[in-house]
Amino acid sequence: MPEPLRAATWRFALPHTTAAVPLARALIRNTLADIGAPVDGDTAELLTAELVANAVQHTDGDEPIELVVELVPTGGWQVEVHDQDPTPPGGFDGPGRPEGPRRPNGPERPDHHPDGSPTLAERGRGLLLIRTLSADAGYRPTDFGKAVWFTLPPRTH
């Protein structure tokens with residue numbers, strides 16, 4: 001019988017550029033592979049890329065973005081992306097969970113503004129993906145800005 005995972009945390013500083021997105025994906029993929037974490041690595045990579053891309057796109061400055069990966073004893077894990085901007089991310093109604101229904105519909109249609117006018121197709125899909133594929137998600141203020149996070153449960157097969 002495999003030994004249960006112990007709680008552990010990894011922290012990575014990422015550049016405040018678009019290069020941070022593939023770096024974050026590689027860090028998640030390699031960290032999970034190295035420890036044999038029983039989580040869905042593809043989903044972890046996708047959601048991490050969404051959080052990092054949002055931090056790069058929606059925050060100013062050149063301060064690094066921090067990626068924090070925390071494995072918990074239950075086998076699930078949490079990913080946080082820290083940035084220097086204290087402004088709450090769009091689609092969240094307060095510290096904690098995203099606003100609105102969690103599943104299955106998520107936010108308003110991602111290809112339309114809240115007023116119904118069309119936008120670019122990829123706009124708004126990040127929060128929809130996070131709401132649909134994570135066990136939970138939210139944000140919290142930090143001493144230097146904010147952290148946006150999601151959790152994934154362990155695989156059950």
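**Sheet, helices and buried residues of a predicted model**

Ala-55 touches His-16, Ile-65, Val-81 and Asp-83, when residues up to four places away in sequence are not counted; contact here means heavy atoms within 4.5 Å. The structure is a predicted model, in which local features need pLDDT of at least 70 and side-chain atom pairs count only at pLDDT 80 or more, while totals for chains, interfaces and linings use all residues. Residues are numbered from 1 along each chain as its sequence is written, and side-chain values use heavy atoms, with hydrogens and water left out.

Ala-55 is found in helix 2. Helices (H or I, at least four residues) and strands (E, at least two) are DSSP runs, numbered from the N terminus. At 4% relative accessibility, Ala-55 counts as buried, a term that denotes under 20% relative accessible area, with exposed meaning over 50% and partly exposed lying in between (1.4 Å probe, protein chains only). Ala-55 and Ala-20 are separated by 35 residues in sequence, and the distance in space from C-alpha to C-alpha is 9.7 Å.

The protein contains three helices and five strands. From the N terminus on, these elements follow the order β-α-α-β-β-α-β-β. Of its 157 residues, 39% count as buried. Among the contacts in the protein with a separation of 6 or more, 67% are accounted for by residues 24 or more positions apart.

The five strands form an open sheet with the order 1-2-3-5-4 and antiparallel pairing; two strands pair if DSSP finds at least two bridges between them. Strand 1 (8-14) and strand 4 (136-142) are the edge strands, each pairing on one side only. Neighbouring strands of the sheet are turned against each other by 20 degrees on average, direction ignored. Helix 1 (residues 20-35) packs on the sheet and touches strand 1, strand 2 and strand 3 (77-83). The direction of helix 1 makes about 155 degrees with that of strand 1. For such values, axes are lines fitted to C-alpha atoms, for helices over the stretch in contact, and angles run from 0 to 180 degrees between N-to-C directions.

Strand 1 and strand 2 (residues 65-71) pair in the antiparallel sense over seven bridges. Within this pairing, Phe-12 stands opposite Leu-67 in strand 2, and the bridge partner of Ala-13 is Glu-66. Strand 2 also pairs with strand 3, again in the antiparallel sense, over six bridges; here Glu-70 has Gln-78 of strand 3 as its bridge partner. Five of the seven residues of strand 2 are buried, so this strand is largely enclosed by the rest of the structure. In a regular strand the side chains alternate between the two faces of the sheet.

Strand 3 includes Trp-77 and Asp-83. Trp-77 counts as buried at 2% relative accessibility. Beyond residues up to four places away in sequence, Trp-77 touches a list of residues including Ile-28, Leu-32, Val-39, Ala-44, Val-69, Phe-150 and Leu-152. Trp-77 and Pro-154 lie 77 residues apart in sequence and 7.6 Å apart in space, C-alpha to C-alpha.

Asp-83 likewise counts as buried, at 5% relative accessibility. Its side chain reaches the backbone nitrogen of Asp-85 at 3.0 Å. A polar contact of 3.0 Å also joins the side chains of Asp-83 and Lys-146; a polar contact is a pair of N or O atoms within 3.5 Å, where, within protein, one must be able to donate a hydrogen and the other to accept it, and residues adjacent in sequence count only if both atoms are side-chain atoms. Leaving aside neighbours within four places in sequence, Asp-83 is in contact with Ala-55, Thr-59, Phe-144, Gly-145 and Lys-146.

Two packed helices are described by the angle between their axes and the distance between the axes. The axes of helix 2 (residues 41-58) and helix 3 (residues 125-133) come within 9 Å and cross at roughly 145 degrees. Thr-43, Leu-46, Leu-47, Glu-50 and Leu-51 of helix 2 make the contact with Gly-126, Leu-129, Ile-130 and Leu-133 of helix 3. These residues divide into six nonpolar, two polar and one charged, where Ala, Val, Leu, Ile, Met, Phe, Trp, Tyr, Cys and Pro count as nonpolar, Asp, Glu, Lys and Arg as charged, and the others, Gly among them, as polar. Thr-43, located in helix 2, counts as buried at 14% relative accessibility. Apart from neighbours within four places in sequence, Thr-43 is in contact with Leu-133 and Leu-152.
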